Amino acid sequence: MNLMVDAMAMEPKPIMWAPLEAEEVDNLPTRVRRHLGEQVRDGDEWLVIHASWPFGGMVDRLNRLTRMRTELPWRPGQDLDRMLAWLVAAGSGVETELAVDNLELRRAYLDETPTLTAVQIHHMSGLTSRNTSEPASRWKSEGKTFAVRVGRRDLYPAFQFEDGAPRPVVRGVLAALPDSMTGWQKALWFASGNGWLDGDEPQQRLHDGELVVAAARQLSEPARG
């Protein structure tokens with residue numbers, strides 16, 4: 001009998017909610033209206049929600065996720081399931097916050113950095129073959145370029161190319177970077193301020209080939225001191 005009572009006590013309670021009528025919204029306390037937004041637009045829906053677990057943290061993380069592009073590199077099923085688990089998890093946790101921060105960082109990168117598809121590179125190269133994955137896939141396998149995985153396709157940051165071909169300096173930089181780096185890690189390294197380059201982003205200093213290669217090599221060399 002006690003086991004049954006304990007099991008019933010552990011059952012999650014449903015989230016209760018109810019919509020507010022327009023006049024109810026008008027009568028909300030000033031503090032609440034100031035916090036949630038004083039102007040009510042047509043079509044806005046105001047809800048009263050009661051939950052027996054930390055629902056606010058879930059809403060905050062959901063808002064962060066909805067600002068991200070749907071093309072973000074989620075593997076259908078696996079990553080989406082993990083995201084849903086994080087959303088409903090009580091509290092936040094370091095792993096959750098790091099994962100969401102990483103997705104936001106990738107979204108910002110795609111917003112700010114021009115990229116090319118394999119098809120665009122195919123046209124840019126002047127090839128007339130039907131295999132539009134060439135020469136992009138070959139250049140990547142040869143270490144002349146790198147790509148970031150977005151959904152089911154590769155995107156190639158455009159700064160790597162000049163006159164329809166990979167810039168020679170990029171191959172030297174990629175060879176100097178640690179082999180363990182993923183495409184996204186390489187992309188973010190190229191787009192981040194670098195102390196060995198006076199705070200400039202490596203992708204902005206590709207004309208200083210030797211300096212950028214030296215900066216990339218710092219990641220592979222053990223720290224001294």
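Modeller: This is a predicted model. Phenylalanine 190 has a relative accessible area of 0%, so this residue is buried.

Biologist: What describes a pair of aromatic rings?

Modeller: A pair of aromatic rings is described by two values, the distance of the centres and the angle of the planes. Searching the whole structure gives six aromatic pairs. In one of them, the ring centres of phenylalanine 146 and phenylalanine 159 are 6.3 Å apart with the planes at 50°, so this pair is tilted. Phenylalanine 146 belongs to the loop between helix H8 (136-141) and strand E4 (148-150), and phenylalanine 159 to the loop between strand E5 (153-157) and strand E6 (161-162), so the pair ties together parts that are 13 residues apart in sequence.

Biologist: Are phenylalanine 146 and phenylalanine 159 buried or exposed?

Modeller: Both phenylalanine 146 and phenylalanine 159 are buried. For phenylalanine 146 the relative accessibility is 3%, and buried means under 20%, so the residue counts as buried.

Biologist: How are the rings of phenylalanine 146 and phenylalanine 190 arranged?

Modeller: Their centres lie 5.4 Å apart and their planes are at 5°; planes under 30 degrees apart count as stacked, so the pair of phenylalanine 146 and phenylalanine 190 is stacked. Phenylalanine 190 is in helix H10 (residues 183-190) and phenylalanine 146 in the loop between H8 and E4, so this pair ties together parts that are 44 residues apart in sequence.

Biologist: Which residues do ring pairs link into a cluster?

Modeller: The cluster linked by ring pairs consists of Phe146, Phe159, Trp189 and Phe190.

Definitions and conventions:
Residues numbered from 1 in each chain as written. Predicted model: local features only at pLDDT ≥ 70, side-chain atom pairs only at ≥ 80, totals over all residues. Heavy atoms only, no water. Phe/Tyr/Trp six-rings, centres within 6.5 Å; stacked < 30°, edge-to-face > 60°. Helix = DSSP H or I, 4+ residues; strand = E, 2+ residues; numbered from the N terminus. Buried < 20%, exposed > 50% of the residue type's maximum accessible area, 1.4 Å probe, protein only.
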